[in-house]
Amino acid sequence: MSETKKRYFLPEEEIPRQWYNIQADMPNKPMPPLNPATRQPLKPEDLYPIFAEELCRQELNQTDRFIDIPDEVREMYKYYRSTPLVRATGLEKALGTPAHIYFKNESVSPMGSHKLNSAIPQAYYCKKEGVTNVTTETGAGQWGASLAYAARLFGLEAAVYQVKISYEQKPYRRSIMQTFGAQVTPSPSMSTRAGKDILTKDPNHQGSLGTAISEAIELATTTPGCKYTLGSVLSHVSLHQTVIGLEAEKQMAMAGEYPDMVIACFGGGSNFGGIAFPFMRHKFDGTAPKETRFIAAEPASCPKLTRGIFKYDFGDEAGYTPLLPMFTLGHNFRPANIHAGGLRYHGAGVIVSQLLKDGLMEAVDIQQLESFRAGTLFARSEGIIPAPESCHAIAATVREALRCKETGEEKVILFNLSGHGLIDMTAYDNYLAGNLMNYSLSDDEIASNLASSPIPGE
């Protein structure tokens with residue numbers, strides 16, 4: 001490539017000192033999560049047995065626009081932040097598009113993904129409260145690896161329940177977690193009541209994020225000195241991830257541009273919210289220089305945003321979590337065994353669900369083969385092999401860039417490269433060998449699953 005690749009970094013003093021809380025600005029606040037026992041709106045203290053208390057307060061905070069990042073957390077952020085904003089000129093050339101494409105490269109974190117942005121503060125708040133053990137679930141392993149690393153930073157013991165199919169598909173992520181001292185268990189397992197119940201019903205169950213969440217919550221609530229941590233879906237996780245978009249705002253200004261579109265892959269909502277929410281606030285307060293579209297790209301095999309329904313549902317299979325107002329496919333939904341393990345979740349976070357309900361964002365579904373085709377094109381044109389999850393954001397970006405090619409419009413597209421795929425090469429091997437396939441769900445299958453998982457008492 002003849003031209004110099006344009007990368008934009010922030011000086012250390014420009015790294016965010018606060019997270020942005022979009023709930024304070026939303027025209028319609030998210031409906032309240034409900035206590036599953038009383039069916040009354042959740043109070044922070046209802047969550048204290050599960051999460052660190054400060055995280056509970058952040059979860060339900062709908063008044064403070066900005067929440068201070070603790071100095072200890074910000075110092076650890078400095079180790080890898082700011083992450084670069086990159087003009088994807090190679091991809092633009094490969095597509096022959098007049099669009100200007102930028103990506104925020106979260107793959108440069110020590111764990112190779114954006115997940116560390118929330119793992120560090122969650123471990124920090126647990127340590128500050130006197131917690132000794134943390135537990136969590138993980139799909140593809142990016143979150144589990146980040147939590148294992150963050151736990152080690154603060155001297156905490158970590159136990160991770162990894163979705164069984166991902167435990168088998170991605171052994172090196174398992175190795176990373178174990179290297180940092182975490183105990184890793186394939187889920188569903190026989191180590192919890194929830195896991196035993198699931199395996200009794202289906203001994204060949206390959207696991208889902210819903211099953212792994214159930215097991216992790218059970219461990220947290222039955223083990224002294226242990227708290228549960230979560231890698232996506234909940235509002236405090238998206239809050240921590242807004243460091244991505246807050247940095248991207250300043251970096252786009254350095255580039256002299258403002259996005260017409262902000263795109264991210266979508267599993268539970270953390271990396272989408274992380275890059276999109278800071279830009280959305282300008283839409284709310286009327287200071288946006290242009291009308292920006294916000295696009296979440298989910299797998300066609302797990303299409304909660306594009307084909308699910310909005311209702312109260314559990315965040316896990318066993319029904320341990322609060323009832324969340326979300327777009328869902330049903331909490332007992334069993335997704336296909338696609339390689340984008342981090343996107344195989346049945347529901348969407350309450351903030352994103354409300355934004356989609358209000359028409360303030362869009363969602364598209366991407367088939368597995370289209371995602372890997374786009375990821376391979378990105379690797380060959382930009383020199384970075386993206387995680388299978390990130391490939392969905394790239395595929396949605398390619399769609400929009402090709403529309404610009406058809407119309408001749410010079411749109412500015414910003415997407416989040418949420419992680420690299422260097423530990424996902426088995427997936428690429430299968431794609432290059434022609435062994436991957438698309439998975440489709442019929443309307444009848446979705447309706448049947450939703451009908452078979454009613455919320456008790458409704």
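I took helices (H or I, at least four residues) and strands (E, at least two) as DSSP runs, numbered from the N terminus. A helix's expected span is 1.5 Å times one less than its number of residues. The model is predicted: local features need pLDDT of at least 70, side-chain atom pairs count only at pLDDT 80 or more, and totals for chains, interfaces and linings use all residues. Residues are numbered from 1 along each chain as its sequence is written, and side-chain values use heavy atoms, with hydrogens and water left out.

Helix α10. I checked residues 209-222: at 1.5 Å a residue, the 14 residues should span 20 Å, and the end C-alpha atoms are 20 Å apart, which agrees. I then looked at burial (buried is under 20% relative accessible area, 1.4 Å probe, protein chains only). In α10, 11 of the 14 residues are buried, so the helix is largely enclosed by the rest of the structure. Leu 209, Glu 215 and Glu 218 are among the buried ones. The buried residues pack against partners including β7 (157-163) and α9 (193-201), contact being heavy atoms within 4.5 Å.

Cores. I used buried Ala, Val, Leu, Ile, Met, Phe, Trp, Tyr and Cys joined through side-chain atoms within 4.5 Å. The largest nonpolar core has 93 residues, and Trp 19, Phe 272 and Leu 414 are among those with the most contacts inside it. Apart from it lies another core of 27 residues, including Leu 95 and Cys 404.

Leu 414. I listed its contacts, leaving out residues up to four places away in sequence; they include Tyr 102, Lys 104, Pro 259 and Phe 279.

Terms used: Buried < 20%, exposed > 50% of the residue type's maximum accessible area, 1.4 Å probe, protein only.
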